[in-house]
Amino acid sequence: MKNFFRLLLCVACACIIMGCEKEEKEKIIYTGQLSFTDSTVDVLKDFTIKLDYTTTNGLLENDILWESADENIATVDSEGNVTGINYGETDITAKYHNNEWSCHIIVNNIIPLDKTTLEWILYKYGCDTNGDGLLSTEEASSITELDLTTTDYSNRPDYTGPNYYFFYNFNTKLLPFFINLESLYIWFDEYRKDCDIMINGINHLKFLYISTYEFDNHNDYSIIIKDLPSLETLKIETLSKIELYGLYALINLELCTFHEKKSIAEIVDISKLPKLEKCQIVRYVYGGDDIIEIIK
């Protein structure tokens with residue numbers, strides 16, 4: 001009998017302890033906070049952006065659960081990357097225990113260019129057909145040649161900013177939305193936030209010029225050019241290793257350097273370029289160019 005009462009006492013104590021622990025857990029207050037930089041964000045259809053937000057009070061990115069109110073309009077992954085699926089509007093919600101924060105998403109056809117690039121394209125190519133100061137995919141389709149080396153506003157009397165400006169923040173992932181682009185001139189340098197250059201998926205591009213404005217620290221550049229089925233001429237100023245894939249129409253390849261003498265084999269593998277007729281590497285020197293190697 002005594003053993004029975006002892007058992008009941010143990011069970012009662014265990015229940016009290018468990019109840020206290022449960023009560024303690026219920027008292028936990030999660031103070032982590034999240035704040036979106038913009039309450040409403042435009043997303044280009046078939047394009048992915050990462051939502052910009054800040055966290056405080058110990059909230060870690062790995063603790064956030066992301067949800068889309070309508071995945072037929074936009075989807076979101078575990079890192080807050082939103083992809084536009086169809087035109088329309090929806091909400092993306094970040095959840096952390098009992099707290100949640102939402103960002104309104106509008107999926108449209110506006111190419112999300114940085115201010116400098118947008119202003120230059122609209123000025124140089126006169127493609128703002130509806131006068132809204134934005135560039136839609138339809139307006140971009142009228143551009144067949146795109147020069148993103150430097151701006152030149154010297155002939156624009158109403159412009160008060162610097163005549164020349166470099167496109168430090170241009171996102172090369174946007175290039176496939178210029179669907180009729182045939183010629184591209186683009187310049188990268190050490191002021192860019194990233195050193196990787198990726199150009200791909202521009203179906204009608206025939207001529208491509210890339211300058212990396214070489215400095216000694218540019219040996220870390222990663223230049224990848226792929227899936228340009230119409231590209232015939234490629235000219236690159238660089239000292240870096242170049243990776244070329246899916247350039248089945250490439251006829252002419254010119255590589256230019258400013259300092260070191262390097263062989264073609266040290267920079268690029270040309271064995272997967274079936275139509276290549278001429279490949280040369282040139283070193284720019286004062287008083288004339290120094291042609292280091294030519295393969296025909």
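This is a predicted model: local features need pLDDT of at least 70, side-chain atom pairs count only at pLDDT 80 or more; totals for chains, interfaces and linings use all residues.
**Notebook: core, sheet and rings**

Next I looked up the core around it. The largest nonpolar core has 68 residues, and Leu 135 is among those that touch the most other members.

I get an open sheet of 4 strands in the order 2-9-8-5, and the pairing is mixed. Which strands stand at the edges? They are strand 2 (40-44) and strand 5 (65-68); each has a single partner strand, so one side of each lacks a neighbour in the sheet. From one strand to the next, the twist averages 30 degrees.

I zoomed in on strands 8 and 9. Strand 8 covers residues 88-96 and strand 9 covers residues 99-108; they pair in the antiparallel sense over 9 bridges. Across that pairing, I see Ala 94 opposite Trp 101 in strand 9.

On to the rings. How many aromatic pairs does the structure hold? I count 7. One of them is Phe 47 with Phe 177, an edge-to-face pair at 5.8 Å centre to centre with 80 degrees between the planes. This pair links distant parts of the chain, the two residues being 130 residues apart. Phe 47 is in the loop between strand 2 and strand 3 (48-50), while Phe 177 is in the loop between strand 10 (145-148) and strand 11 (183-187). Buried or exposed? Both Phe 47 and Phe 177 are buried.

Trp 120 has 3% relative accessibility, so I put it down as buried. Tyr 123 comes out as partly exposed, at a relative accessible area of 32%.

Phe 36, Tyr 53 and Trp 66 are linked into a cluster by ring pairs. I also looked at Lys 45: its charged end sits over the ring of Tyr 87, 6.0 Å from the ring centre.

Terms used: Residues are numbered from 1 along each chain as its sequence is written. Side-chain values use heavy atoms; hydrogens and water are left out. A nonpolar core is a set of buried Ala, Val, Leu, Ile, Met, Phe, Trp, Tyr and Cys residues joined through side-chain atoms within 4.5 Å. Buried means under 20% relative accessible area, exposed over 50%, partly exposed in between (1.4 Å probe, protein chains only). Two strands pair if DSSP finds at least two bridges between them. Axes are lines fitted to C-alpha atoms, for helices over the stretch in contact, and angles run from 0 to 180 degrees between N-to-C directions. Rings of Phe, Tyr and Trp (its six-membered ring) pair if their centres lie within 6.5 Å; planes under 30 degrees apart count as stacked, over 60 as edge-to-face and the rest as tilted. A charge sits over a ring if NZ of Lys or CZ of Arg is within 6 Å of the ring centre and within 35 degrees of the ring normal.
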